[in-house]
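Thanks for asking me to look this one over.

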Amino acid sequence: MASLSVKFLAPNPWPNSKNFRLHATPPASQTVAPPASSSGGAADVDALRLEPRVEEREGYWVLKEKYRQGINPPEKVKIEKEPMKLFVENGIEELANIPVEEIDKSKLTKDDIDVRLKWLGLFHRRKHHYGRFMMRLKLPNGVTTSAQTRYLASVIRKYGKEGCADVTTRQNWQIRGVVLPDVPEILKGLEEVGLTSLQSGMDNVRNPVGNPLAGIDPEEIVDTRPYTNLLSQFVTANSRGNPSISNLPRKWNVCVIGSHDLYEHPHINDLAYMPATKNGRFGFNLLVGGFFSPKRCADAIPLDAWVPGDDIIPVCKAILETFRDLGTRGNRQKTRMMWLIDELGIEGFRSEVVKRIPQQELERASSEDLVQKQWERRDYLGIHPQKQEGYSFVGLHIPVGRVQADDMDELARLADEYGSGELRLTVEQNIIIPNIENAKLEALLKEPLLKNRFSPEPPILMRGLVACTGNQFCGQAIIETKARALKITEEVQRQVSITRPVRMHWTGCPNSCGQVQVADIGFMGCMTRDKNGKPVEGADVFLGGRIGSDSHLGEVYKKGVPCDDLVPLVVDLLINQFDAVRRESEEGEE
């Protein structure tokens with residue numbers, strides 16, 4: 001399918017009207033099935049349960065008084081003061097002028113910096129780096145420019161050893177070391193280079209994920225960039241703030257599938273657009289409800305719905321409004337959207353979505369899936385030809401996703417000098433440089449950054465290594481992850497020889513930002529005891545996660561393994577499960 005381009009007009013708040021519609025492709029004629037019956041799951045639900053729990057007041061959506069019994073602490077924080085006012089009404093300017101020590105004297109302002117600023121993508125690192133913030137951006141499809149990369153480098157450079165950046169598992173940048181007085185100026189700088197951090201944390205829609213090879217992949221089904229851009233612009237109302245969907249019961253993930261490789265991991269998203277044709281029209285079947293949490297993980301399931309490719313936003317809006325209106329707000333471990341789907345039944349949930357679509361119509365799923373079921377997932381690291389003749393892309397391995405300011409400047413230079421000034425971030429925390437003329441490849445491969453830091457051909461066990469932030473910066477992490485993941489993998493490589501990639505993921509706590517359940521081998525941080533009964537950092541080990549056409553979540557293999565005991569455990573797993581061979585000791589056998 002041909003690439004699509006989308007131009008966004010002046011930023012205006014999204015209309016709340018029946019005529020609301022966005023197009024990612026030229027409009028096509030269509031026929032629509034009759035409205036779905038409200039039978040099924042909804043028939044067994046009390047009518048009072050289907051009353052919306054939120055209402056609009058002065059432009060913001062708030063929880064009704066009668067539903068405030070037993071709500072969780074973040075919901076109380078939202079009720080006490082609307083988080084979006086820090087951005088929409090420029091409350092951040094005033095807050096940034098108050099010393100952090102003074103802020104801590106008031107519960108209201110303390111909650112501002114610890115909770116409400118997450119609506120602006122700012123996460124206070126109170127536990128380990130008091131007064132410092134991590135800033136998470138919105139980067140639809142993981143596409144960024146050299147100018148944006150240089151700007152982010154300039155931000156983190158001023159913070160010295162506290163400043164660094166991470167490629168995340170949602171194709172995104174997170175920058176670290178930020179201090180509150182600098183935030184208003186940083187937000188202006190982001191806007192100048194076409195970036196935003198708005199609505200990227202807490203109970204909001206997270207970064208829309210798409211095919212990292214969109215528009216350049218010879219095997220792609222559809223270029224996902226127009227769709228992920230539309231989704232991101234809808235979510236943030238063109239970076240002006242969209243309060244109609246900023247008070248969800250919990251976070252919410254979305255992706256658009258553009259390849260047979262399923263690089264986007266649809267099974268772990270709350271909404272996944274799966275390419276499918278119907279009566280000669282291109283569009284998407286929908287999966288809903290995939291998520292991770294400390295108490296439960298679930299694969300996304302079919303909504304039995306298909307939407308035309310030129311009209312993807314109304315159904316997204318309707319699903320979000322259903323979740324916003326009806327989702328529970330008590331135990332935070334039971335507030336992701338799948339819990340609501342379970343309660344209403346998939347047909348009941350679907351009926352509620354249909355009620356919120358302007359035309360109150362939603363076609364049933366198509367049988368004409370475009371994603372091939374039997375497809376060997378391709379590796380994007382290294383050099384690969386693009387669909388554009390005479391051009392290639394180069395996938396670079398970024399060890400556990402961590403980069404420094406100088407690295408970012410160099411990546412920007414390479415993108416300008418050898419490519420088109422563009423970089424692509426991937427969910428495996430790596431970076432792709434696209435649009436390189438084949439005549440320039442040899443010179444690029446000789447660049448010191450590729451030879452010394454970010455190799456296009458890393459060791460086989462490093463290729464699939466992913467790690468969350470860990471307790472170096474994150475207050476929720478139980479263990480250190482990034483440095484430990486590298487150290488243990490290096491030691492394992494010294495002990496075994498293996499010929500096929502094995503994806504190993506690390507996460508510092510049960511929130512599973514490192515997505516251990518999709519890994520071949522996963523490590524989830526915990527505290528445990530060593531052989532002497534002493535409390536030590538450890539990991540629950542997961543096994544058997546799959547991605548691609550046979551995707552499914554892995555399960556716990558062994559709980560509470562001390563980190564010091566992980567190397568022999570991983571060596572045994574690789575030998576017994578993944579056909580590795582133990583290397584002979586340099587000293588020879590005794």
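1. Let's begin with a pair of helices. H9 and H11 cross in the right-handed sense. On the H9 side the contact is made by Val315, Ala318, Ile319, Thr322 and Leu326, and on the H11 side by Phe349, Glu352 and Val353. The two axes are 8 Å apart and the packing angle is about 115 degrees, so H9 counts as roughly perpendicular to H11. Please keep in mind that this is a predicted model.

2. Arg356 meets Asp325, with 3.0 Å between the closest N and O atoms. Asp325 sits in helix H9 (residues 313–326), while Arg356 is in the loop between helix H11 (346–355) and strand S14 (368–369); the two are 31 residues apart, and the pair links distant parts of the chain. Are these two residues buried or exposed? Arg356 has a relative accessible area of 16%, which is under the 20% cut-off, so Arg356 is buried. Asp325 is buried too, at 6%.

3. Next, the open sheet. Five strands make it up, in the order S5-S18-S19-S16-S15, and the pairing is antiparallel. Strand S5 (143–145) and strand S15 (382–385) form the edges, each pairing on one side only. From one strand to the next, the twist averages 30 degrees.

4. Inside that sheet, have a look at strand S16 (residues 391–396) and strand S19 (residues 431–437), which pair in the antiparallel sense over five bridges. If you want a place to start, Gly395 has Ile432 in S19 as its bridge partner. Two helices pack on the sheet. H6 touches S5 and strand S18 (422–425), and the direction of H6 makes about 75 degrees with that of S5. H12 touches S16, S18 and S19, and the direction of H12 makes about 20 degrees with that of S19.

5. Asp406 and Arg157 meet through their side chains at 2.9 Å, N to O. Because Asp406 lies in helix H12 (residues 405–418) and Arg157 in helix H6 (residues 146–157), the pair ties together parts that are 249 residues apart in sequence. How accessible are the two partners? Asp406 has 53% relative accessibility and counts as exposed, whereas Arg157, at 37%, counts as partly exposed.

6. The side chains of Arg413 and Glu410 come together at 2.9 Å, N to O. Both residues belong to H12 and are three residues apart, about one turn of the helix. Arg413 is partly exposed at 25% relative accessibility, and Glu410 is partly exposed with a relative accessible area of 25%.

7. How many salt bridges does a search of the whole structure find? The total is 55. Besides the pairs above, a network of salt bridges links Glu80, Lys81, Lys107, Asp111, Asp112 and Arg116. As a reminder, side chains of opposite charge can pair when their charged atoms come close.

8. Now a hairpin. Strand S1 (residues 54–57) pairs with S2 in the antiparallel sense, over four bridges. Glu55 has Val62 in S2 as its bridge partner. Two residues lie between the strands of this hairpin, and Glu58 takes a positive phi near 55 degrees.

9. The side chains of S2 deserve a look of their own. In a regular strand the side chains alternate between the two faces of the sheet. In strand S2 (residues 60–63), Tyr60 and Val62 point one way, Trp61 and Leu63 point the other way, and all are buried.

10. H16 passes H17 in a right-handed crossing. Ile488, Glu491, Val492 and Gln495 make the contact from H16, and Leu566, Val567, Val570, Val571 and Leu574 make it from H17.

How values were computed:
Residues numbered from 1 in each chain as written. Predicted model: local features only at pLDDT ≥ 70, side-chain atom pairs only at ≥ 80, totals over all residues. Heavy atoms only, no water. Salt bridge = Lys/Arg side-chain N within 4 Å of Asp/Glu carboxyl O. Buried < 20%, exposed > 50% of the residue type's maximum accessible area, 1.4 Å probe, protein only. Pairing = 2+ DSSP bridges. Axes fitted to C-alpha atoms, helices over the stretch in contact; angles between N-to-C directions. Contact = heavy atoms within 4.5 Å. Parallel < 35°, antiparallel > 145°, perpendicular 65-115°, else oblique. Left-handed = near helix turned anticlockwise from the far one by under 90°.
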